[in-house]
Amino acid sequence: MFDFGYIPPAMFLGMVIFMLYGFPVAFSLAAVGLFFGIIGIITGHFSEAFLQALPLRFFGIVSNDLLLAIPFFTFMGAVLERCGLAEDLLEGTGKLFGGIPGGLAYAVILVGAVLGAITGTVAASVITMGVISLPIMLRYGYSPRLATGVIAASGTITQVIPPSLVLVVLADQLGRSVGDMYLGAIGPSILQVAIFVLFILVMSIVRPKSMPPLPKEIRGDLDWALLAKVLMGMVPSIVLIFLVLGTIFMGLATPTEAGALGVVGAMALAALHRRLTWPLIREAMTSTTHITSMVVMILVGSTCFSLVFQGMDGSRWIEHMLSGIPGGPVGFLIFVNIFIFVLAFFLDFFEIAFIVIPMLAPVASSLGIDLIWFGVLICVNMQTSFMHPPFGFALFYLRSIAGKEVKTSDIYMGALPWVGMQLILVAIVIFWPQSVTYWLDRSPKVDPSSIKIEVPGFGGQLGLPPVGGGNGSPQIPGLSLPPLNGLPGAPAPGK
């Protein structure tokens, strides 16, 4: 375990101690990295030449076009959170399904999936749906544990459904295309929604009193007017989803450009709901600035840590420690997912993506694991960081808007079945990789043999004859090169 020295594991232990102490993550990572870098220079285990790369790495972070997608998607979600779209979707869909047991729960899951596909932020979905649907569900007899659990879970679907910010960050850290990450996440997204809906169906049969249907006077008549209202809420959302995701999948726009289109579409929806005001724009810009600054600072700190960690042969230590896990690639994936599940009790998904993933990706690649499959699997796992007690952010968001009649213990206990369902999806993705790769296999393919590059030369086409003239020298018209045996250090003829 310590074949590569004691400093890499000491760095990892130092990082954990700083995290447990509660010091800001970005500064903790930078401090640990620089501190151990100085120790390594003094002891001769680390070259100061590595630190000369830090300014270039910082410049690479702030000049990364891919990371521009983060403020665009964050701003889009912040605008949609305040424009009234969720209220219209929930009201219409709730009345549409309200006549059956668990109808409101179905509506919350479906609307959460739609909001996840157009906002990409968990906080917006959980807070919005909690404010709107939680009082109604409690008023008409829903179990507090079921009501809070379904609202929190519907918000965490946003983590997996494109255009999730987690997928953007993981694509950057794994060196893969964001479009491929989005395509790979389609299957797990559908499976997650299906598992949640199936759970509600089973609960409505086993315990119908915990989720009774809405009274007729509340839901109204199921007529064309209600269907039209639902469609009026869905159609603009579908158009916005196409602007954001369709343009990426069709190759018409990069993720950054699609994010810009999403911002324009979100502002158009806000104007359609007559809520596009300067206070709304100001609040959305403030929220976007805070999140973007946090991401960049964590990325800067993790760069300091990873540079020193790599210079100390930390990557070889990690690979040596994990590549010997029994079970091959499947055993490695099971171990990694258990490890990340435990880390998610204490760390945010940004911190896990920036700190842990760069250490694990080389090992996964050496074991022949597809990095798109690996990234989507980690994303599915990191859903649980928002849900499991006691530090799940979705539970904190829900606690902040729930009334005093809802106990904190009900919120925590209500979340446990949904965490179990998320872990079921993790197991499905581990043992059924086609749930991710199916959509990648259906994406457009390019035959390399069909690619023809024509370079204009001085007389039309530039033709290069095969290498291998006299004495092994290339023969190009108009260009004479000395024979190889005339070059300094070359063997003389016959030797």
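Buried means under 20% relative accessible area, exposed over 50% and partly exposed in between, with a 1.4 Å probe and protein chains only. The model is predicted: local features need pLDDT of at least 70, side-chain atom pairs count only at pLDDT 80 or more, and totals for chains, interfaces and linings use all residues. Residues are numbered from 1 along each chain as its sequence is written, and side-chain values use heavy atoms, without hydrogens and water.

**View A. Helix H8 is mostly covered.** Helices are DSSP runs (H or I, at least four residues) numbered from the N terminus. Of the 13 residues of H8 (residues 144–156), eleven are buried. Among them are Leu146, Val150 and Ile151.

**View B. Helix H4 is largely enclosed by the rest of the structure.** This holds because eleven of the 14 residues of H4 are buried, including Phe73, Phe75 and Met76. H4 (residues 69–82) reaches 20 Å from first to last C-alpha, close to the 20 Å expected.

**View C. The largest cavity holds about 60 Å³ of space.** A cavity is a set of points on a 1 Å grid over the protein atoms alone where a 1.4 Å probe fits but cannot get out, and lining residues have an atom within 4 Å of a point. Helix H14 (278–311) gives the most to this lining, with five residues. Helices H17 (349–355) and H18 (357–366) each supply at least two. Phe305, Phe309 and Met359 are among the lining residues.

Conventions. 1 Å grid on protein atoms, 1.4 Å probe; cavity = no way out; pocket = protein on both sides within 12 Å on 5 of 7 lines; lining within 4 Å. Points joined across faces, edges and corners; volume = space filled by probe spheres on them. Expected span 1.5 Å × (residues − 1).
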